[in-house]
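Let's go through them one by one.

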Amino acid sequence: MFTKKTLNENDLCVKYIFREKSELMKDGKPRSRILVPREGEKLSLYEVTDLIHDDVCSHGHTYADNKAKGRRHIGYVKFIHETFLRLKLIIIYDDKPPRHLSVKFSGSPEYRREVAKALADEVVVIDARLPKKHFAVCK
Amino acid sequence: MNNMTAEIVRFKPLREQVTEPSTSQTNVDFPGKENSTGGDFDLKIGVKQLQNLLTQLNDVFSESKILDWGGNGAEPISDAAYYNATRLLAVLPVGLPAPEILPDNDGYIEFEWSKGDKNFSLYITDTNLVLFAGFYGKEDRLSGRFNFEGKFPNRPENLARDVYQEDP
């Protein structure tokens, strides 16, 4: 059932990653192109503020994976809600599927890509000891 | 900082483009030619480098033809965008590091130059319009567009080179 929620500045959301090589940089930051929604569409994220790592993975396997297409996520990158506010990106907590967020990018195609580059730079460090320090691996 | 205004988007045949006079230097020798200058076309980068980039481009083009290649309903790359990308590759400025070639969700072809946290991208469309976006730091980013008329414009060239500039 749809439940509209309000995000706080420090709330966390994730973008599930499906292919390491084509979606991530060497340090685990996402390639900006995976953050730019197609023309007329929105970026799809999930709110995970209160979830531990295993539950974030489990949520992705349940709601973000597409078994029919053989599409299974391998991990995620994480953002703080405050980043979206600073970049003037509008987040809609549609909760369809549960915890789902839609991020609206506005402006010209090139401006949307500029903002996506800035967003990609803002991912949270998950484990500074790892080469891909911004990327959390799911099993 | 933004918006080099695009005017008329006109598709220009390769033959027409390559016969344009050029003042740029050429650093390529073709088989059977003493010097490529004044030849059939004015290639700006080395043959081997161009071959590598064309291989990358072909891979990206082929990948994009697979239905829903990105898993998110991404558009396939059109033949016209592929053709335009080959035209742009042929006039990449001498000394500019080779870009990484990537598919874009809207059917564009992305040429990306990146080092550390800095990166600059061109997005080649199915017309002469080329989009660009760059990120050089939290307070230093930009985007714009230009019409590709057979010559690599100075501003995007400088922005790509800026990616490799060390911070003072």
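Two strands pair if DSSP finds at least two bridges between them; helices (H or I, at least four residues) and strands (E, at least two) are DSSP runs, numbered from the N terminus. This is a predicted model, where local features need pLDDT of at least 70, side-chain atom pairs count only at pLDDT 80 or more, and totals for chains, interfaces and linings use all residues. Residues are numbered from 1 along each chain as its sequence is written, while chains are lettered from A and ligands numbered from 1 in the order in which they are written.

Q: Over how many bridges do β4(A) and β5(A) pair?
A: These two form a hairpin with 6 residues between them. A:Ile90 stands opposite A:Lys104 in β5(A). The pairing is antiparallel, and the count of bridges is 4.

Q: Which residue of β5(A) is the bridge partner of A:Leu43?
A: Strand β2 (residues 43-47) and strand β5 (residues 100-104) of chain A pair in the antiparallel sense over 4 bridges. In that strand, A:Ser44 faces A:Ser102. For A:Leu43, the partner is A:Val103.

Q: Which strands of chain A stand at the edges of the sheet?
A: The sheet is open, with 6 strands in the order β4-β5-β2-β1-β3-β6 and antiparallel pairing. An edge strand here has a single partner, so one side of it is left without a neighbour in the sheet. That describes β4 (90-93) and β6 (136-137).

Q: Which residue in the turn between β4(A) and β5(A) has a positive phi?
A: The turn belongs to the hairpin of these two strands, with 6 residues between them. The phi in question is about 60 degrees, and the residue is A:Asp95.
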